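Me: I am new to this structure and would like to go through it by question and answer. Please show it first.

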Amino acid sequence: MIIGRVIGRAVSTRKDEKLLGTKLLLVEEVDPQGAGSGDMAVVADHLGAGPGDVVLVAQGSAARFTAQTKEQPVDALVVGIVDTIRLGGRSTFTIAEGFAANDEGPQP
């Protein structure tokens, strides 16, 4: 699993019929302090994540282990929307304040 920040959305009017109704997000991998790696992926979402949300992403075959994604051609899936990240006994991220290390605050 990776931690990522939703930076956009991918819209596809023509796609595999098993993906109909699946929201596709553009997610950048981030470290626990919020620094972006530059690595991005298109990720399926059934939880309702949106721009700026920090999410947990399952990749590979694990992305197809949910009721919604079974039998779908999905290799990356939002499996959680992060409320808090704690590292070394302190919070590096809270949903209300954003990432402490880079002082960005919540993303829009």
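**A contact between two side chains**

Reply: The side chains of Thr22 and Gln72 are joined by a polar contact of 2.9 Å. A polar contact is a pair of N or O atoms within 3.5 Å; within protein, one must be able to donate a hydrogen and the other to accept it, and residues adjacent in sequence count only if both atoms are side-chain atoms. This is a predicted model, in which local features need pLDDT of at least 70 and side-chain atom pairs count only at pLDDT 80 or more, while totals for chains, interfaces and linings use all residues. Residues are numbered from 1 along each chain as its sequence is written, and side-chain values use heavy atoms, with hydrogens and water left out.

Me: Is Thr22 buried or exposed?
Reply: Thr22 is found in the loop between β1 (2-10) and β2 (23-30); strands (E, at least two residues) are DSSP runs, numbered from the N terminus. Buried means under 20% relative accessible area, exposed over 50%, and partly exposed in between (1.4 Å probe, protein chains only). With a relative accessible area of 6%, Thr22 is therefore buried.

Me: Is Glu71 buried or exposed?
Reply: Glu71 lies in the loop between β4 (54-59) and β5. Its phi is near 75°, a positive value in a residue other than glycine. Because its relative accessibility is 56%, Glu71 counts as exposed.

Me: Which residue takes a positive phi in the hairpin of β6 and β7?
Reply: Strands β6 (residues 84-87) and β7 (residues 90-94) run antiparallel and are joined by 4 bridges; two strands pair if DSSP finds at least two bridges between them. Thr84 stands opposite Thr94 in β7. The hairpin has 2 residues between the strands, and the residue with a positive phi, near 60°, is Gly88.

Me: How are the planes of the rings of Phe93 and Phe99 arranged?
Reply: A search of the whole structure finds 1 aromatic pair. The rings of Phe93 and Phe99 have their centres 4.7 Å apart and their planes at 45°. Rings of Phe, Tyr and Trp (its six-membered ring) pair if their centres lie within 6.5 Å; planes under 30 degrees apart count as stacked, over 60 as edge-to-face and the rest as tilted. The pair of Phe93 and Phe99 is therefore tilted.

Me: What is the relative accessibility of Phe99?
Reply: Phe93 is buried, with a relative accessible area of 6%. Phe99 also counts as buried. The relative accessibility of Phe99 is 3%.
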